[in-house]
Number of protein chains: 2
Amino acid sequence: MLSALSGEAAKTPPLWLMRQAGRFLPEYRAIRADVPSFLDMCYTPDLATEVTLQPIRRFGFDAAILFSDILVVPDALGQEVWFAEGEGPKLVPLRNSADIDRLQPDAIHETLSPVYQTVRNLSKALPSETTLIGFAGAPWTVATYMIEGGSSRDFFIAKSWAYSEPERFQALIDILVDATAQYLIEQVNAGAEVVQLFDSWAGVLPEKMFRRWVIEPTTRLAALFRAIHPDIPIIGFPRGAGLNYEAYAAETGVTAIGLDTTISGAWATQFGLPVQGNLDPAYILCGGESMVAAARRVMDSFGDAPFIFNLGHGVNKDTPPEHVTELVATVRSWRR
Amino acid sequence: MLSALSGEAAKTPPLWLMRQAGRFLPEYRAIRADVPSFLDMCYTPDLATEVTLQPIRRFGFDAAILFSDILVVPDALGQEVWFAEGEGPKLVPLRNSADIDRLQPDAIHETLSPVYQTVRNLSKALPSETTLIGFAGAPWTVATYMIEGGSSRDFFIAKSWAYSEPERFQALIDILVDATAQYLIEQVNAGAEVVQLFDSWAGVLPEKMFRRWVIEPTTRLAALFRAIHPDIPIIGFPRGAGLNYEAYAAETGVTAIGLDTTISGAWATQFGLPVQGNLDPAYILCGGESMVAAARRVMDSFGDAPFIFNLGHGVNKDTPPEHVTELVATVRSWRR
């Protein structure tokens, strides 16, 4: 994994899957059943450590990603966050500048210290050949949740701030750039070897707004992080960014690019950065021949470029674990 | 509008807005309040005619688009379709090949004849300078609704068919290609001067599947339509297609391309086709300076290419109509 991120193209690619620790695994559901809330899982180091390790034991992935959620940052900033069963995340939405002023960027580590403990646990528990990935949500994506009060279909409220009250929106983004950089720096201090920035809603912005609210904050965040940890790779994942992937790769300073399912490998490898992705998770729901063929197509599409095999989106909860086993065998037996 | 579609770049662009007839207009809501169901609106020519004309009277747009819905085609094929208030469209989902075999492609015109009557009414009622646009959903998008039973977040069921049971999925797509071509041909027979194909979910497919389930069916559909109406322009709108817009423009045979909000005008005009779009509808929720600047930016981005001003997505229901008035004034006063 670390060689791929340093630009080496191996004979067989390193492999992990977004949302590899989660509901599709019976051993995860067994633990989750006894825990009152999803955030309790994230803030209880023994539990978060255990569920992070589960897919490593079962599938032997080359990387473990910290079990957590991008919304621990708003939670740590003092915004109320909860996960309603079957409904996704909910937040008491920010309504005005006073709500932004009430956020507490200097107090985040208090809430987040159990996450750092989980990273320390994992750093000890993982086999030396398994890379430990820390992560955070990117400022634009986290800001949409903070303003919309959850996920959204059209992002009209967040866009209204971003488009017509850019100074107010900038104040929120600035807080998130700083807090997120501090959060990732502490994850590395605790033992994370790579960090990934999830910009799940990067794809809803027109080009000019993409530059202002995705590229610009990501560039600053990467620079703040690099000032402390210059050698730690950053994987940027601007999901849905389409054509804007190119500017993101060229300008933000990330080490590698996570590709969503729609991006052609042949196109993305032209950016000159290592890439990660991008099998459609719908294929592992089905499994079988079509999955195997599609996984090979993904790997073939990257040509001679260094890459990390992954999905273009998280594993779906209804995925049969044995399909993942078959996928791992497919990737392990492929040769460049 | 017709000159722009024939490749002439006018001093000021023609202008209409997707979902210009709809809930953001009080005169629409007044009519809708007395009608039991949304499909009744679509199938009652007097009502559908009236609400199609409302935005023309209020804003003087250059084109009127038939008031209807892309799901009248599954309804006409015999699938049960209804619109649950506030929940979006619902269908009894297709489950197997027997469900596909039960569809009745030869009987669609019976259900759709009120739509053709609406088109005839509009053809008479509209001022001669206002272009009448007919439309349909593209096969891939309509198929997702038919299989998922409504809209979807991840399209896992539709993708499972498309990826792992391509023969069964092809049977459904073939029915939709034929039925949709016949439907559009009849709209033109009734007086439509332009047709638009909405492929709202084109953006969720990996490249190879985009070719197979978006480009290939659209190409066949366009050819069937052109065999009868060679001179009627077709606007293709593969929303979210990102980089795949280029192949869509080059290969499907559509006359012009509808751009979603994320597509750069400077890039899209390189395809050599007239373009339509693509202001983010979030701007007209806010109105004011930011909207005016963004609308001008959209027009400037098209350079010397022929274009039709529009949104990149439908008008949101909470849009103040006076913001649309201001937008119209902005577009009318812009000069190339």
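The model is predicted, and local features are reported only where pLDDT is at least 70, side-chain atom pairs count only at pLDDT 80 or more, and totals for chains, interfaces and linings use all residues. Residues are numbered from 1 along each chain as its sequence is written, while chains are lettered from A and ligands numbered from 1 in the order in which they are written.

Three bridges link E1(B) to E4(B) in the parallel sense, and B:Ala64 is found opposite B:Leu132 in E4(B). E4(B) also runs parallel to E5(B), joined by five bridges, with B:Gly137 opposite B:Phe198 in E5(B). Next, strand E5 (residues 194-198) and strand E6 (residues 234-237) of chain B pair in the parallel sense over four bridges; within this pair, B:Gln196 has B:Ile235 in E6(B) as its bridge partner.

Is strand E4 of chain B mostly covered or mostly open? Strand E4 (residues 131-137) is mostly covered, with seven of its seven residues buried (a residue is buried if 20 or more other C-beta atoms lie within 10 Å of its own, exposed if 12 or fewer, and partly exposed in between, with C-beta atoms placed from the backbone). B:Thr131, B:Ile133, B:Phe135 and B:Gly137 point one way from E4(B), while B:Leu132, B:Gly134 and B:Ala136 point the other way, and all are buried. Helix H8 (residues 139-148) of chain B is mostly covered too, with 10 of its 10 residues buried, including B:Trp140, B:Tyr145 and B:Glu148. After H8(B) comes B:Gly149, whose phi is positive, near 80°.

Chain B also holds a hairpin. Strand E2 (residues 81-84) and strand E3 (residues 88-91) of chain B run antiparallel and are joined by four bridges, and B:Ala84 sits opposite B:Gly88 in E3(B). Three residues lie between the strands of this hairpin, where B:Gly86 takes a positive phi near 75°.

Chain A has an open sheet of seven strands, with the order E1-E4-E5-E6-E7-E8-E9 and parallel pairing. Strand E1 (63-65) and strand E9 (307-311) of chain A stand at its edges with a single partner strand each, so one side of each is left without a neighbour in the sheet.

Finally, the two chains meet: 26 residues of chain B are in contact with 26 residues of chain A, contact meaning that the C-beta atoms of two residues, placed from the backbone, lie within 7 Å. On the chain B side, helices H9 (156-164), H11 (207-228), H14 (282-286) and H15 (288-301) each supply at least two residues, and H9(B) gives the largest share, five residues.

Terms used: Pairing = 2+ DSSP bridges.
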